[in-house]
Amino acid sequence: MLYIALPEEKTRNLSFYLAMEEYVARYMNEADCFFMWQVEPSVIFGRNQLIENEVNLDYCREHGIKTYRRKSGGGCVYADMSNIMFSYITSEENVGFTFNRYINMVVLVLRKLGVEAVASGRNDIMIDGKKVSGNAFYHIPGKSIVHGTMLYDTDMRNMIGAITPSDEKLLSKGVSSVRQHIALLKDYVDIDIHEFKKFAHENLCDAETTLNEEAIKEIEKIEEEYLTEEFIYGNNPRYTLIRKRRIDGVGDFEARIEMKNGTIKKINLLGDFFLTGDLDKGLLDRLKNIELTHSAIEKVLPERVDDIIMNLDKEEFVRFLTNE
């Protein structure tokens, strides 16, 4: 696997590294690429999440925490200089296979350090039953992109405060509660964060290339999309109905539906689910101008909705929309 290095060691905005993933996927003709990065305190939320549902914007502004949206699904993540972000870009088109392969590669690295890590659930890596890494993916033509966290250490107070109410009592309880469910790698290894990065680099990659200034300029052009208000805040339709449900093995769903005379005029689907296909063309566009009934919705949807949303069963999705 090829490691992608930058020409100078400096901390950049989180949006730059998301754009760097896209650049590597679009322009580098390598089967497997990997790089690591760290950022100043930032919150990154999933492609299909509504920012006001996920992020405590007042806390973020007060504590200088930046907010970004990514193009992959999944939930809201806090990152700072004490944890590491991994990016893996591959020409393998089977998203599910790619996701599992990547997670197993990271698990193997941790086990080489003597850490009893295991893959768990849709997207997590666990130590002693606690989460040390959460991951997400998305697909562009010809390439798959996987990215995730590695919690070497982190500012727990900021992690909780950025995505939960800032009331002091709630914040204190939240830190205590979440700390019981999160593993920090520093507690399981006797190397510092720089030594860990070197170990991961050497065990995952057997070659390295450094991007030139022309590549950096192209990445900065791609980055511009990530910094637009339309991309960050989204363009949600007006709605007259809200449906919310958690579907086991799939994720949290929130449907916002604009209705007229019993017919769906617009629909937006929010949540921390993982996309494996085109949400708009595959599902949402099919539902426009369709009656909000079980039979009408079932008729227009494809048989395999799990080709669009990972692990989703068609019948369960229809029951969710019709509130059955």
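**Entry 1: a first residue and its partner**

I started at E8, which is partly exposed at 40% relative accessible area. The side chains of E8 and K10 form a salt bridge, 3.8 Å from N to O. I call a pair a salt bridge when a side-chain nitrogen of Lys or Arg is within 4 Å of a carboxyl oxygen of Asp or Glu.

**Entry 2: what I am working with**

This is a predicted model, so I note the limits: local features need pLDDT of at least 70, side-chain atom pairs count only at pLDDT 80 or more, and totals for chains, interfaces and linings use all residues. Residues are numbered from 1 along each chain as its sequence is written, and side-chain values use heavy atoms, with hydrogens and water left out.

**Entry 3: other salt bridges**

How many salt bridges does the rule give? The count is 18. I looked at D153 and K186, which meet in one of them at 3.3 Å, N to O. This pair links distant parts of the chain, 33 residues apart. D153 is in the loop between β10 and α5 (156–161), and K186 is in the loop between α6 (168–179) and α7. Helices here are DSSP runs of H or I with at least four residues, strands are runs of E with at least two, and both are numbered from the N terminus. K186 is partly exposed, at 36% relative accessibility.

Next I checked D285 and K288. Their closest N and O atoms are 3.6 Å apart, and the pair forms a salt bridge. Back at the pair, D285 is partly exposed at 38%, and K288 is partly exposed at 39%.

**Entry 4: helix α4**

I checked the length of α4, residues 95–112. The expected span is 1.5 Å times one less than the number of residues. For its 18 residues that should come to 26 Å, and the end C-alpha atoms are 26 Å apart, which agrees.

Which residues of α4 are buried? I listed V95, T98, F99, Y102, I103, V106, V107, V109 and L110. Seen down the helix axis, these buried residues fall within an arc of 165°, so they line one face of α4. The arc is taken from the directions that run from the helix axis to the C-beta atoms.

What covers that buried set? The cover includes strands β6 (84–90), β7 (117–120), β8 (124–127), β9 (130–140) and β10 (143–150), and helix α7 (193–204). After α4 comes G114, with a positive phi near 90°.

I turned to α1 (residues 14–27) and α8 (residues 213–226). They pack at an angle of about 115°, and their axes are 8 Å apart. The axes are lines fitted to C-alpha atoms over the stretch in contact, and angles run from 0 to 180 degrees between N-to-C directions. Contact means heavy atoms within 4.5 Å. On the α1 side I found, among them, F16, L18, M20 and Y23. On the α8 side the residues include I216, I219, I222 and Y226.

**Entry 5: L211**

L211 sits in the loop between β11 (207–210) and α8. Is L211 buried or exposed? It is buried, at 7% relative accessibility. Leaving aside neighbours within four places in sequence, L211 is in contact with I4, A5, L6, P7, M20, Y23, M28, I216 and I219. I also checked L211 against E8: they are 203 residues apart along the chain, and their C-alpha atoms are separated by 9.7 Å.

**Entry 6: the loop between α11 and α12**

I308 lies in the loop between α11 and α12. I308 is buried, at 7% relative accessible area.

N311 is found in the loop between α11 (294–300) and α12 (314–321). N311 has a positive phi of about 70°, although it is not a glycine. N311 is partly exposed, at 48%.

**Entry 7: D128**

D128 is in the loop between β8 and β9. Its phi is near 55°, a positive value in a residue other than glycine. D128 is exposed, at 61% relative accessibility.

Conventions:
Buried < 20%, exposed > 50% of the residue type's maximum accessible area, 1.4 Å probe, protein only.
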